[in-house]
Amino acid sequence: MSENSQHGHDGHGHGHGTGGEDGPSWTRAAKMLQDASPITVPEGASAMTIHVEWEPGDPGTPPHRHSGPAFGYVIRGAVRFELEGEPERVVEAGGTFWEPGGDVIHYQDGNALTDAKTEFVVTMMCAPGKPMLELVDEEELKQRAHLRAPRPTA
């Protein structure tokens, strides 16, 4: 998938508040940050929104997965973001990210900066009876290594 279809974009999409100088104030007050589709929400899912603050250079959460989709917004700094099958990328302040959840491994969500903190907010949806976040063990990482995008060369 392209970055726009997988991780949202700043273009027009569903809902209101997509900009424009004419019309009532409520149509100008909101700016679309992300338009993600298609998404699959587990039946009976719960949702949790958290605020994360990583110290400079913090690698973030070890490889993990979520049972449902997750949607994030970077408040300040820069997040090093990597999902299974996609190249690593950096999402800077004001940028968004999302992941589909389910079986997909989320390899990185750490601070891409070595000299400043990074903060983001993420809303995660969770299937009933599942933990909000499950770490992936070394054995599974080895078994699925062929699904990981090539690593950047130094």
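1. Pockets in this note are found on a 1 Å grid over the protein atoms alone: a pocket is an open set of points with protein on both sides within 12 Å along at least five of seven lines, and its lining residues have an atom within 4 Å of a point. Grid points are joined across faces, edges and corners, and a volume is the space filled by probe spheres set on the points. The second largest pocket has a volume of about 150 Å³.

2. The model is predicted, so that local features need pLDDT of at least 70 and side-chain atom pairs pLDDT 80 or more, while totals for chains, interfaces and linings use all residues. Residues are numbered from 1 along each chain as its sequence is written, and side-chain values use heavy atoms, without hydrogens and water.

3. The protein chain holds 3 helices and 9 strands, in the order α-α-β-β-β-β-β-β-β-β-β-α. Helices (H or I, at least four residues) and strands (E, at least two) are DSSP runs, numbered from the N terminus. Of its 154 residues, 39% are buried (under 20% relative accessible area with a 1.4 Å probe, protein chains only; exposed is over 50%, partly exposed in between).

4. Strand β8 (residues 118-126) has 7 of its 9 residues buried. Two strands pair if DSSP finds at least two bridges between them. Strand β1 (residues 46-54) runs antiparallel to β8, with 9 bridges, and strand β3 (residues 70-76) is also antiparallel to β8, over 6 bridges. Val121 of β8 stands opposite His51 and is the bridge partner of Tyr73.

5. The second largest pocket is lined by Leu33, Gln34, Ala36, Ile39, Phe71, Gly72, Tyr73 and Thr96. Strand β3 gives the largest share of this lining, 3 residues.

6. Leu33 and Tyr73 also belong, with Ile75, to a nonpolar surface patch of about 220 Å² accessible area together. Ile75 lies in β3 and is partly exposed, at 37% relative accessible area.

7. Strand β4 (residues 78-83) is largely enclosed by the rest of the structure, because 5 of its 6 residues are buried. Antiparallel partners of β4 include strand β5 (residues 89-92), with 4 bridges, and strand β7 (residues 106-111), with 5 bridges. Val79 has Val91 as its bridge partner in β5 and stands opposite Asn111 in β7. The hairpin of β4 and β5 has 5 residues between the strands, and Gly85 there takes a positive phi near 85 degrees.

Methods. Patch = residues over 30% accessible without salt bridge, like charges linked within 9 Å, V, L, I, M, F, W, Y side chains within 5 Å. Areas by Shrake-Rupley, 256 points an atom, 1.4 Å probe, with all protein chains shown as cover. Salt bridge = Lys/Arg side-chain N within 4 Å of Asp/Glu carboxyl O. 1 Å grid on protein atoms, 1.4 Å probe; cavity = no way out; pocket = protein on both sides within 12 Å on 5 of 7 lines; lining within 4 Å.
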